[in-house]
Amino acid sequence: NKKAVTSISLGKQRMAVAYIDNQVELIDLQTNVKNPLDNLQGDTVTFSPDGKCLALIGRARPLSVLNLDEGTHQQTTVESNSSARDLVFIDNERLICFSDGRLQMYSTSKLDPVSTQQLVEDDGLWRACIAVSPDKQTVAVALDQSVALFDSQLNPLRPIKRGNDGWINALAFVGNQKLLVGGEDGVELLAIDESSDQQALKTLDVRATCVSVQDKLIAIGTADFRVLVFDHDLNLIGRLIQGDFVNSVLLTPNSDRIFAGGRDNEVAVWPRKYWEIQRKWKIAESVDPAVAISKSQLVATVHRDPEKDLVRIWRPTGASHCEMEVGQRIVALVFVESRDWLAGVSAEGDAFIWDARSGTELYHWHAHDWSQFEEPYVNAHSSLSVHPEGRYLATCGELPDLAIWDLEMLERPNACLLYTSPSPRDIHHNLVCRHMLVKRGGGGGGGGG
């Protein structure tokens, strides 16, 4: 479907997906069979806790509740003018939604309003988020830039003071006494008890678009195509890259998978092994993006300060294994497993080979001639790759200049060079020579060696 995903929800062996055009599909998670809901529309969907009912609402669409066991549905007569993320079940019998300036609680059996709070007088396009605490005693509602608390009957309790003042996109309880608020200007973890000074317990510089909370983990979708996973104290434990702007994210109850959907028109399912950070340790110096890991889990990183550039190799425990001082800017690294080497390429066009066990520089040669270009940063995206068998190394830069190097030649110091006539030259008019293992006599009167 070439349309953005706006909301996803997980039920019993089923997933509901809502799209930006208010179309909704039910997907069987075992067979992947899709069942469009032709008679029901909405851009926000949510399953009841027991998975037997599916509720839908959307802008200019009524609130609908579908009984999946009986195949019947009910609808309200009032259509919603609010945006998405404004629908949540309290339990199997009650749900809350925001529409047309009102916060309303409905009975799922008859879809009759049980309680109503008029929050705003006009019926503008309010951005609404609703969250219910795990003990079902507190309801948090965010409208545009403000947050307020209500009890389980929607009686007002108190507003929540925020440190940020941007638009709110995501709202979730972390336990019964903490509230996660995310939006355009970052994420805040707030204490909601009356005795607190309502200062943020912790903040994140993340443009949050959506959030999902389970017993131990928090998943936050972002505007820069990422899903970040934290523990309940907002310590980072995992990350993944989605194809586009993330509109909806869900952690499964046992936190073994993440479902993410957004503007790339699909829902991606990520098993935990693909996003969980296995180990991490603090490094005092700034680290460049160049990083490599070996099969034995040695990690190589590049560090830069005003005086020198360093390449460091770390043990799996996080202890420093060795370090190499380099006079050039290293922009890419790769381990050559079969030889216990570490290879690097610099922005200046040089290639380096170090002994990964000791850090000793073994080889260093000028791989690419980029001196003719006035802007040296054009090669900041240089890269290299090693052949699976470890014999060849490929190097390249941002410019159309690719070279493949035979690493066995580096280990043959006694090989002699045989020049042919006329002398062959490459595209840069540099002399090209071949390595020969055996001296061979020339023909005729030449008698070359």
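Analyst: Four strands, in the order β28-β29-β30-β31, make up an open sheet with antiparallel pairing. The edge positions belong to β28 (287-293) and β31 (320-326); each has a single partner strand, so one side of each is left without a neighbour in the sheet. From one strand to the next, the twist averages 20°. Such angles are taken between axes, which are lines fitted to C-alpha atoms, and run from 0 to 180 degrees between N-to-C directions.

Some conventions are needed here. This is a predicted model, in which local features need pLDDT of at least 70 and side-chain atom pairs count only at pLDDT 80 or more, while totals for chains, interfaces and linings use all residues. Residues are numbered from 1 along each chain as its sequence is written, and side-chain values use heavy atoms, with hydrogens and water left out. A strand is a DSSP run of type E with at least two residues, numbered from the N terminus. Two strands pair if DSSP finds at least two bridges between them.

Within the sheet, β28 runs antiparallel to strand β29 (residues 299-304), and 4 bridges join them. Here Ile293 stands opposite Val299 in β29. The term salt bridge denotes a side-chain nitrogen of Lys or Arg within 4 Å of a carboxyl oxygen of Asp or Glu. In general, side chains of opposite charge can pair when their charged atoms come close. Arg312 is buried, at a relative accessible area of 12%, whereas Glu323, at 40%, counts as partly exposed. Buried means under 20% relative accessible area, exposed means over 50%, and partly exposed lies in between (1.4 Å probe, protein chains only).

Strand β36 (residues 383-386) runs antiparallel to β37 and is joined to it by 4 bridges; Ser383 stands opposite Cys396 in β37. The two strands make a hairpin with 5 residues between them, and Gly390 in the turn has a positive phi of about 85°. On its way, β37 also runs antiparallel to β38, with 5 bridges joining the two.

Leu393 has Trp405 in β38 as its bridge partner.

A search of the whole structure finds 3 aromatic pairs. One of them joins Trp365 and Trp405 edge-to-face, at 5.4 Å centre to centre and 65° between the planes. This pair links distant parts of the chain, since Trp365 lies in strand β35 (residues 361-366) and Trp405 in strand β38, 40 residues apart. Rings of Phe, Tyr and Trp (its six-membered ring) pair if their centres lie within 6.5 Å; planes under 30 degrees apart count as stacked, over 60 as edge-to-face and the rest as tilted. Trp365 is buried, with a relative accessible area of 16%, and Trp405 is partly exposed, at 24%.

The side chains of Arg391 and Asp406 meet in a salt bridge of 2.8 Å, N to O. Arg391 lies in the loop between β36 and β37 and Asp406 in strand β38, so the pair ties together parts that are 15 residues apart in sequence. Arg391 is partly exposed at 28% relative accessible area, and Asp406 is partly exposed at 21%.

Asp401 lies in the loop between β37 and β38 and is buried, with a relative accessible area of 14%. Asp401 and His368 are 33 residues apart in sequence, and their C-alpha atoms are 7.6 Å apart in space.

Finally, the surface. Ile404 lies in strand β38 (residues 402-406) and is exposed, with a relative accessible area of 60%. Together with Tyr392 and Leu402, Ile404 forms a nonpolar patch with about 330 Å² of accessible area. Patches are made of residues with over 30% relative accessible area and no salt bridge; like charges are joined within 9 Å and nonpolar side chains (Val, Leu, Ile, Met, Phe, Trp, Tyr) within 5 Å. Accessible areas come from the Shrake-Rupley method with a 1.4 Å probe, and for residues only the protein chains shown count as cover.
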